[in-house]
Amino acid sequence: MARPAEPPPQGIASAGSASFPFSCCQRGRMEAPSEVLSKRREKWLALRERGIPLYPNDFRPSHAIGELHERVLTDPGSVSEDGPRFAVAGRMMAVNHFGKAAFLRLRDRSGQLQVYLKRDRVGEEAFALFKQLDIGDFLGASGPLFRTKTGEWTLLADSFRLLAKSLRPLPEKFHGLKDPEKRYRRRYLDLLMNPGVREIFLRRSAMIQEIRRFFLERGFLEVETPMMQPLPGGAEATPFRTHHQALGMDLYLRIAPELYLKRLVVGGLERVFEINRNFRNEGVSTQHNPEFTMLEFYQAYATYTDLMALTEELLAEVAARVTGATAIPCQGETIELAPPWRRIALYDALVEIGGVDRALLGDREGLLAFAASRGVTVTKQQRLGKVITKLFDALVQPKLIQPTYVIGYPAEVSPLSRRSDESPELTERFELFIGGREIANGFSELNDPLDQRERFEQQARDREAGEAEAHPMDEEYLEALEYGMPPTAGEGIGIDRLAMLLTDSASIREVILFPHLKPRD
């Protein structure tokens with residue numbers, strides 16, 4: 001006896017209705033269904049009219065497909081056509097009909113499995129139903145495993161069930177989802193049709209788990225700090241602003257968790273780390289997304305040189321565990337992550353790699369003229385330190401392919417970093433570059449509240465002069481510092497850029513599941 005018909009999904013008319021509302025959004029407009037969509041609609045209506053449940057939720061697979069593959073590899077003698085029965089579920093990705101039989105492929109989260117349907121085994125009615133199904137539908141099937149003449153392990157179905165009807169066809173296999181814009185907007189289809197994309201995100205997840213394990217094993221505490229903050233701080237960037245109705249105040253999506261994590265160090269949590277989102281209201285490019293993932297960690301009684309050694313250990317270990325090696329491909333290059341890594345002073349890098357005359361390094365006007373001659377845009381009001389870092393970004397960074405620490409940044413562009421005892425105009429700060437990209441930024445923390453106040457005051461003057469990204473005065477953070485923070489070093493590592501490195505991806509959009517895109521016209 002047929003089961004009672006299910007009510008139609010929201011927005012879809014019942015069988016017999018004159019209309020069948022159907023979303024066909026192309027470039028923001030609703031368009032009429034194509035012939036293929038119309039045929040799928042007709043099948044949906046016909047199956048519902050017959051009382052076939054289109055979206056049941058009472059089938060439970062006994063095994064993931066990957067578990068069955070593992071079983072036949074490790075103990076093939078335990079399965080046979082007369083052996084144990086298994087229940088699997090997944091999306092139908094391919095089908096070949098042979099009159100009274102059919103081979104189909106089901107895919108779940110762990111892999112694909114061939115299923116063999118025979119009319120005289122599953123029954124006339126069930127086999128007739130199967131002929132009304134489409135690639136993309138979700139099915140459940142039960143039966144034993146056997147090996148075909150070609151040697152492929154296959155489920156011999158005793159029964160099968162429709163678990164979810166697909167109203168839209170999947171992209172065509174060979175000319176399917178290739179356009180990057182379409183891939184990013186419909187990432188779910190990208191994951192379905194492009195196996196390499198799925199592997200990128202599996203590797204990204206494994207990378208994050210290895211990072212977490214690394215820090216937990218070294219006595220760090222994982223914490224969470226506010227993502228909406230009354231003042232933006234921790235980095236020089238333009239924030240996103242929102243408004244809290246109940247409190248009647250503006251809040252900012254955080255640009256960095258730094259000032260809150262250092263409050264925790266003041267509170268006695270001497271080793272902390274956080275993996276979470278940051279938001280910066282800036283341009284979108286192959287290396288920037290306005291919402292991105294960062295790792296930040298802080299260690300008391302450590303210096304920036306301690307963190308450089310720790311970072312070498314971290315990235316080499318994560319690469320080995322996730323990719324199987326410390327030598328990894330990167331856009332046609334082979335990058336070796338095994339330590340030790342190169343270290344070079346910022347000013348030396350500008351001279352030796354960027355071609356800047358050392359005599360110009362203290363001459364702002366001379367550097368501006370040099371920048372103009374090399375096509376590097378620098379605003380006139382920027383101070384010497386900003387000019388130097390702009391030149392570095394343009395002339396040196398793209399050439400730093402193998403892991404390289406650049407150290408000795410000017411204090412005026414490092415407002416939260418401890419000054420160097422030997423050269424107080426410089427700070428104990430490094431930036432890490434791999435594959436021509438900035439991967440990390442770390443320093444010995446400035447824990448002198450008076451020096452920090454002076455740095456914030458200079459930042460305030462910079463803001464008044466038009467430097468919108470300069471740090472605001474944060475009195476609450478200064479108050480925390482006045483209670484005393486132990487000698488500490490901290491670092492931020494871009495998770496997305498690290499994922500780009502470990503997956504050999506040229507664009508940050510390839511490693512973010514749903515990157516931000518402009519609206520469609």
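Phe430 is in contact (heavy atoms within 4.5 Å) with Tyr304, Leu307, Met308, Tyr405, Val406, Ile407, Tyr409, Ala440, Asn441, Gly442, Phe443 and Glu491, leaving aside neighbours within four places in sequence. This is a predicted model, in which local features need pLDDT of at least 70, side-chain atom pairs count only at pLDDT 80 or more, and totals for chains, interfaces and linings use all residues. Residues are numbered from 1 along each chain as its sequence is written, and side-chain values use heavy atoms, with hydrogens and water left out.

Phe430 has 0% relative accessibility and therefore counts as buried (under 20% relative accessible area, with a 1.4 Å probe and protein chains only). Its C-alpha atom lies 38 Å from that of Asp179, 251 residues away along the chain.

The table places the strands and helices named here; helices (H or I, at least four residues) and strands (E, at least two) are DSSP runs, numbered from the N terminus.

| Element | Residues |
|---|---|
| Strand β20 | residues 429-434, with Phe430 |
| Strand β12 | residues 240-244 |
| Strand β13 | residues 249-253 |
| Helix α7 | residues 195-217 |
| Helix α15 | residues 495-503 |

Strands β12 and β13 pair (at least two DSSP bridges) in the antiparallel sense over five bridges. Arg241 stands opposite Tyr252 in β13. Four residues lie between the strands of this hairpin, where Gly248 takes a positive phi near 65°.

Helices α7 and α15 pack at an angle of about 120°, their axes 10 Å apart. Ile200, Arg203, Arg204, Met207, Ile208 and Ile211 in α7 meet Ile495, Asp496, Leu498, Ala499, Leu502 and Thr503 in α15.

Methods:
Buried means under 20% relative accessible area, exposed over 50%, partly exposed in between (1.4 Å probe, protein chains only). Axes are lines fitted to C-alpha atoms, for helices over the stretch in contact, and angles run from 0 to 180 degrees between N-to-C directions.
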